[in-house]
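Open the model in your viewer and keep the selection panel at hand. Here is a short tour, stop by stop.

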Amino acid sequence: MDSLSLVKTWPVDNVAVAVVGRDGQVLGSRGDQKQLFPLASVTKLLTSYAVLIAVEEGAVELDEPAGPEGSTIRHLLAHASGLAMTEDKIQAQPGTKRIYSNMGFDTLAETVQQASGIPFNAYLAEAVFAPLGMTDTTLKGSAAHAGVSTCADLSRFAAELLSPTLISEGTFREATTVVFPGLNGVLPGFGHQKPNDWGLGFSIRDHKSPHWTGKRNSPETFGHFGQSGTFLWVDPKAGISAIALTDRAFGEWAAEVWPVLSDAILDETS
């Protein structure tokens, strides 16, 4: 894909990118697809998927209490529990504000671990990595941001997000549509968003501006980006997913070049 040549101009030392089609096939790639990169918050996509599997297995329920009083697993997945970013501190009543929370995802992992009797990193590996053949992906630390993976492995995960096999269509649809609609909040790196729409662990593009995806991305686009300079989005309307992994922390450079790449990919595949 010619559009992927844009990454040659990115101010990074190492980058791996891939585009995956609706049928799960890699449409194009650049860079070492087997190089390991820290995922930062792209980890949340993997964690969320494991939690959804735990829901379908009956280990936990979306509306069971978890986190602060009045909060549930659904609130935690949707960054609507009221928990602070990194502290076990309540900043709002559940369901009233979109407060992006790493602490909330660590609480999710603890909840699933207690319910299943399996360390969360092992549960994640058994529930998600093994069936998808993600042999180089690991979680050693926080379920919010400590994942490490390759572009090849995330391409397999992207194929799953384009055509789910590990969870039901109903659960997947619920996870990738807006939960607790109308909540305002801060999209890290891009400021206040009114509303700041989110699904069950998946950031929903909707009409947010500015945003890390492109102007050509449909409002239904979902995914996540990470402060380590990584992103994964799925545009269900276009039927493609794009992945980018770099070794430079997120900053103004990323906010400038990521949307340009996304638009070029969508233009080339339309």
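Which residues does Glu174 touch, not counting residues up to four places away in sequence? Select Leu62, Arg74, Val179 and Leu200; contact means heavy atoms within 4.5 Å.

A note on the model before moving on. It is predicted, so local features need pLDDT of at least 70 and side-chain atom pairs pLDDT 80 or more, while totals for chains, interfaces and linings use all residues. Numbering starts from 1 along each chain as its sequence is written, and side-chain values use heavy atoms, without hydrogens or water.

Stay on Glu174. Its helix is α6, residues 169-175 (helices are DSSP runs of H or I, at least four residues, numbered from the N terminus). Glu174 counts as partly exposed, at 32% relative accessibility (buried is under 20%, exposed over 50%, partly exposed in between, with a 1.4 Å probe and protein chains only).

Next, select α1 (residues 43-57) and α5 (residues 151-162). They pack at about 50°, axes 12 Å apart; axes are lines fitted to C-alpha atoms over the stretch in contact, and angles run from 0 to 180 degrees between N-to-C directions. Show Leu45, Leu46 and Tyr49 in α1: they meet Phe157, Glu160 and Leu161 in α5.

Now pick Leu161. Beyond its neighbours within four places in sequence, its contacts are Tyr49, Phe172, Phe202, Phe222, Leu232 and Val234.

Last stop: the largest nonpolar core, with 60 residues. Such a core is a set of buried Ala, Val, Leu, Ile, Met, Phe, Trp, Tyr and Cys residues joined through side-chain atoms within 4.5 Å. Tyr49, Leu77, Val128, Phe157, Leu161 and Leu232 touch the most other members. Helix α1 gives the most to this core, 9 residues.

Technical notes. Helices (H or I, at least four residues) and strands (E, at least two) are DSSP runs, numbered from the N terminus.
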